[in-house]
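Subject: Handover of a structure and notes on it

Dear colleague,

I am passing the structure below on to you, and I would be grateful if you could look through it alongside my notes.

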Amino acid sequence: MVNRKLVGAHYGLLDWLVQRTTGVVMAAYTVIVAYALTQGVGSSYERWLAFMSSTPMRFISFLCVVSLCWHAWIGVRDTWMDYVQPAGIKLTLHVLTVLSVIGCGGWAVQILWRL
Amino acid sequence: MAAMSTTSKKRPKYLNLIKIKLPIAGIASILHRVSGVGLFLMLPLLVWLLELSLRSPESFEAMKQVAAHPLLKLILIGLLWALLHHFCMGIRILLIDMHIGVDRLQASSSAKMVLAVSLPLTLIVGAKLW
Ligand code: HEM
């Protein structure tokens, strides 16, 4: 008999691959933004705005936000799975995690699309 | 090893969290998890600061003031560490996935390298920013 508990997670190789791909995207983004900051893009509002609203940045900032959300969901979900046993609490935590990740992601995208 | 005969083992066994000694790779590893969860928990704060930094010249200044608050400075420097550690460790994991540095000695020295890069870098960047 199939005896599965609903805990709001699925498993497997896809998640592993996503964790790696999104990690690489965010690592590249971190390096790019850190380098730009050393070149003074954060020195004034005008320069910061010009930098963040440039076409390449619009493209990769969006990629980074999507990557971050997906990555954080998988990573935090795996952490709950390791430490929380009761199915009800685990499901609740998983749902709260998805909701907060989607909320933050949507918020960040709105900020970027207003530029 | 011979001295550790089965009869001399004390039962039941208790784990003393203070006395447990993780190998260096274990420490770097658990900190990867801690830093990831820390970044996740502080996500709303980070998005809020991003919003302030981009909305208007006034809010850009406000963002700087918020970030200058001692409590926020502390949180931000913690997040800086988290990002740097998670970043270095992430690269280490990706290399190990590609079968680079898998054996125990190499894995332990790369874990040391992660700590030796992320901790001083946090201090240097942190000191520069404040
Ligand atoms: C800077 C770019 C980043 C890189 C290169 C990176 C890389 C990785 C990798 C490779 C893993 C998989 C670890 C494993 O399977 O053992 C991972 C796990 C994780 N990441 Fe990231 N990550 C980055 C940014 C972030 C950010 C910004 C967050 C938070 C919002 C985050 C949260 C997590 C969490 C919670 C885990 C799970 C940890 C665990 O299972 O122990 N990561 N990261």
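This is a predicted model: local features need pLDDT of at least 70, side-chain atom pairs count only at pLDDT 80 or more; totals for chains, interfaces and linings use all residues.

Residues are numbered from 1 along each chain as its sequence is written, chains are lettered from A and ligands numbered from 1 in the order in which they are written, and side-chain values use heavy atoms, with hydrogens and water left out.

Between the two chains, 23 residues of chain B are in contact with 31 residues of chain A (contact means heavy atoms within 4.5 Å). The area buried there is about 2200 Å², with carbon and sulfur atoms giving 73% of it (buried area is the accessible area, taken with a 1.4 Å probe, that two parts lose on being put together, summed over both). On the chain B side, Arg33(B), Phe40(B) and Leu54(B) lose the most area to chain A, together 30% of what that side buries.

In one of them, Asp82(A) pairs with Arg33(B), the closest N and O atoms being 2.8 Å apart; Asp82(A) is partly exposed at 46% relative accessible area, and Arg33(B) is partly exposed at 24% (buried means under 20% relative accessible area, exposed over 50%, and partly exposed in between, with a 1.4 Å probe and protein chains only). Another salt bridge links Arg114(A) to Glu51(B), with the closest N and O atoms 2.6 Å apart. Because Arg114(A) lies in the segment after α4 (87-113) of chain A and Glu51(B) in helix α2 of chain B, this pair joins two chains (helices, H or I with at least four residues, are DSSP runs numbered from the N terminus).

Within chain A, Asp78(A) forms a salt bridge with Arg77(A), the closest N and O atoms being 2.9 Å apart. Arg77(A) is buried, at 2% relative accessible area, whereas Asp78(A) is partly exposed, at 26%.

Finally, Leu17(B) lies in the segment before α1 of chain B and counts as exposed, at 72% relative accessibility.

With best wishes

Key. A salt bridge is a side-chain nitrogen of Lys or Arg within 4 Å of a carboxyl oxygen of Asp or Glu.
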